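Here is a short briefing on one protein model. Look at the strands, the helices and the pockets in turn.

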Amino acid sequence: MEEGCVSNFTEEELQIPAVKYEYLDHTADVQLHAWGDTLEEAFEQCAVAMFGYMTEIDTVEMLECQDIEADGHDMLSLLFHFLDECLFLFCADPFFIARKVKILEFDRTNFHIKGRAYGEEFEIGKHPQGTEVKAITYSNMQVHENDGKSEVFVIIDI
């Protein structure tokens, strides 16, 4: 994780993408299912889904941003480490909750991601407290790319 940024965001940065994720029931945990036209979009949607499980995402304003970097040795470990870095933002002091996550660089050869999370400091009273996410898991993690559609499945420990 790198230093945060506070700036005047461009209109493009402030645009909220369409919701392309859902929550699937799983014994004692929850499974995130996210999709997109690209694998980058599916990863972004999965990160937002995780933040959305922690609070009502509509209450989050994009007042600042946090840069994220993650590495893996294959696509599954890259997704795991990317989501783990996003979760770390929420666990760090001050707690940061994202409304939007954008991948800026996605290196499929070296399994490296640079991204940016847009949001604000989590504040009880402003942001309803959802379910605590304890950890990302590899359990039944899936990454699929088929015919111009990408989707990911991730079980998070709650």
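Two strands pair if DSSP finds at least two bridges between them. Strands (E, at least two residues) and helices (H or I, at least four) are DSSP runs, numbered from the N terminus. This is a predicted model: local features need pLDDT of at least 70, side-chain atom pairs count only at pLDDT 80 or more, and totals for chains, interfaces and linings use all residues. Residues are numbered from 1 along each chain as its sequence is written, and side-chain values use heavy atoms, with hydrogens and water left out.

**Strand pairs and hairpins**

- Strand E8 (residues 142-146) pairs with strand E9 (residues 149-157) in the antiparallel sense, over 5 bridges. Val143 stands opposite Val152 in E9.
- The hairpin of E8 and E9 has 2 residues between the strands, and Asp147 there takes a positive phi near 45 degrees.
- Strand E2 (residues 21-26) and strand E3 (residues 29-36) run antiparallel, joined by 6 bridges. His26 has Asp29 of E3 as its bridge partner.
- In the hairpin of E2 and E3, 2 residues sit between the strands, and Ala28 has a positive phi near 65 degrees.
- E5 and E6 are also antiparallel, with 10 bridges. Glu105 has Lys114 in E6 as its bridge partner.
- The hairpin of E5 and E6 has 4 residues between the strands. Phe111 lies in the loop between E5 and strand E6 (112-121). Phe111 is not a glycine, yet its phi is positive, at about 50 degrees.

**A cis peptide bond**

- Asp93 and Pro94 are joined by a cis peptide bond, with omega about 5 degrees.
- Pro94 is found in the loop between H3 and E5.

**Two packed helices**

- Two packed helices are described by the angle between their axes and the distance between the axes.
- Helix H2 (residues 39-54) packs with helix H3 (residues 75-91) at an angle of about 35 degrees, and their axes are 10 Å apart. Axes are lines fitted to C-alpha atoms, for helices over the stretch in contact, and angles run from 0 to 180 degrees between N-to-C directions.
- The contact (heavy atoms within 4.5 Å) includes Leu39, Phe43 and Cys46 of H2, and Met75, Leu78 and Leu79 of H3.
- By class, this contact has 16 nonpolar, no polar and no charged residues. Ala, Val, Leu, Ile, Met, Phe, Trp, Tyr, Cys and Pro count as nonpolar, Asp, Glu, Lys and Arg as charged, and the others, Gly among them, as polar.

**Two pockets**

- A pocket is found on a 1 Å grid over the protein atoms alone, with a 1.4 Å probe: it is an open set of points with protein on both sides within 12 Å along at least five of seven lines, and lining residues have an atom within 4 Å of a point.
- Grid points are joined across faces, edges and corners, and a volume is the space filled by probe spheres set on the points.
- The largest pocket has a volume of about 250 Å³. Its lining has 16 residues, and Glu12, Pro17, Glu44, Lys100 and Lys102 lie nearest its centre.
- E5 gives the largest share of this lining, 5 residues. The lining of the largest pocket divides into 6 nonpolar, 3 polar and 7 charged residues.
- The second largest pocket has a volume of about 210 Å³. Residues lining the second largest pocket include Met54, Leu87, Phe122 and Lys134.
- H3 gives the most to the lining of the second largest pocket, with 3 residues. By class, that lining has 7 nonpolar, 3 polar and 2 charged residues.
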